[in-house]
Amino acid sequence: MALAKAIVSSRTLAKSLPLLSHLPKLSDAPPYSARTLGVIRAFSALVSPPAKAVVYEQHGPPDSVTRVIELPPVLVKENDVCIRMLAAPINPSDINSIEGVYPVRPQVPAVGGREGVGKVHLVGTAVKDLSPGDWVIPSPLSFGTWQTYIVKDQSVWQKIDNDSPMEYAATISINPPTALRMLEDFTSLEPGDSIVQNGATSMVGRCVIQIAKSRGIRSINIIRDRAGSDEAKDTLKKLGAEEVFTESQLEVKNVKSLLGDLEEPALGLNCVGGNAASLVMKFLRWGGTMVTYGGMSKKPITVSTSSFIFKDLALRGFWLHKWMSSNDVGESRRMIDHLLGLVRGGKLKYEMELVPFSDFHIALDKSLGKLGSHPKQVLKF
């Protein structure tokens, strides 16, 4: 009876939001009335609980277009798995998707979020490899993780060890793989080699430092001049950074004089652009490569003619979505397992702030920078 009331209530909500029934992949069937519920039960007793979700019906400023609503129960078909979400982060790409400026985004109306971790709640009758209680993450990445329950085909979910810290399992699919792929895919690095990066305090930057350290690769790191930069230097060095410089410290004629016994780096990583990208290139050795994976300053990259002629530098770009869509899902899942192993072994850590899902809009304001500087916000359901 309680389930029937929940479904009737959901129908009322759906009438006030005519587009809601078209939310991508949330449900392949409309909300059911109490009268037809008996017909459903004749075929399957598996129905998800109602879900609370962050939805947006149009693109725009995330703090204006998002709201938390209740979605109706969903029929769990034979190959489906119902997941009770445990945690999901607010990533810059999530914000850009809501704004409508990210190259890959769901059709609106949509539920926010692409990354997260959940626990299996129900499985369809044909599901063999997952059981209630298993921890899973969407793999490949899938839209709609900012909701309490998700029903999707079993192929979407990767089972992971449930001894992984929840907040790390929720954030293991975007930033750590970006760091790992850039270290592996652009040049051959050996123990004792050096790399250089800007944006070193970012989550990707911290992952780069630690993954490099675990492989005997030494990192030169560039951070912005700002209050607390000394503390930031100490934090990065504790993670394994070999050298950390503020941008103003690099206003010298020959930055390579600061290297000491470090090898000239063959690989540079840029997520800032503008002058910070130029500083990365100044460190690179002849034939070095700079990989750009972000542009936080929103300023263009300017390259001197001599950098091409006399240093033969190569400029490349990296986008994790392209890598994942071009490679086998199995390879991606093995990479995730490897990264979670580094987490469990204490070789990979970064700052996060767990926030109750009920405080979503506070977490969103923090992610938007409206409340000062904060660690990555991770919603806890």
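Patches are made of residues with over 30% relative accessible area and no salt bridge; like charges are joined within 9 Å, and nonpolar side chains (Val, Leu, Ile, Met, Phe, Trp, Tyr) within 5 Å. The structure is a predicted model, in which local features need pLDDT of at least 70 and side-chain atom pairs count only at pLDDT 80 or more, while totals for chains, interfaces and linings use all residues. Residues are numbered from 1 along each chain as its sequence is written, and side-chain values use heavy atoms, with hydrogens and water left out.

One nonpolar patch on the surface is formed by I301, F308, I309, F310 and L315. Together these residues have about 500 Å² of accessible area. Accessible areas come from the Shrake-Rupley method with a 1.4 Å probe, and for residues only the protein chains shown count as cover. I301 lies in the loop between β13 (289-292) and α10 (305-309). Helices (H or I, at least four residues) and strands (E, at least two) are DSSP runs, numbered from the N terminus. The relative accessibility of I301 is 34%, so this residue counts as partly exposed. Buried means under 20% relative accessible area, exposed over 50%, and partly exposed in between (1.4 Å probe, protein chains only).

Strand β7 (residues 149-153) is mostly covered, with four of its five residues buried. Strand β3 (residues 80-89) runs antiparallel to β7, and five bridges join the two. Strands pair if DSSP finds at least two bridges between them. R84 stands opposite Y149 in β7. D80 also belongs to strand β3. Its relative accessible area is 9%, so D80 is buried. The C-alpha atoms of D80 and D153 are separated by 4.2 Å, although the two residues are 73 residues apart along the chain. Contact means heavy atoms within 4.5 Å. Neighbours within four places in sequence aside, D80 is in contact with L75, V123, G124, V127, V151, K152, D153 and Q154.

R206 is part of helix α7 (residues 203-214). With a relative accessible area of 12%, R206 is buried. Its side chain makes a polar contact with the side chain of E351 at 3.2 Å. A polar contact is a pair of N or O atoms within 3.5 Å; within protein, one must be able to donate a hydrogen and the other to accept it, and residues adjacent in sequence count only if both atoms are side-chain atoms. Beyond its neighbours within four places in sequence, R206 is in contact with A200, T201, T235, L236, L239 and E351.

A search of the whole structure finds 14 salt bridges. A salt bridge is a side-chain nitrogen of Lys or Arg within 4 Å of a carboxyl oxygen of Asp or Glu. D161 forms one with R344, the closest N and O atoms being 3.4 Å apart. D161 lies in the loop between β8 (157-160) and α5 (166-170) and R344 in helix α12 (residues 329-344), so the pair ties together parts that are 183 residues apart in sequence. D161 is partly exposed, at 44% relative accessible area. R344 is partly exposed at 35%. D163 also forms a salt bridge with R344, with the closest N and O atoms 3.9 Å apart. D163 is exposed, with a relative accessible area of 53%.

R218 and E242 form another salt bridge, their closest N and O atoms being 3.2 Å apart. R218 lies in strand β10 (residues 218-223) and E242 in the loop between α8 (229-239) and β11 (243-246), 24 residues apart. Salt bridges that share partners join R181, E184, D185 and R215 into one network.
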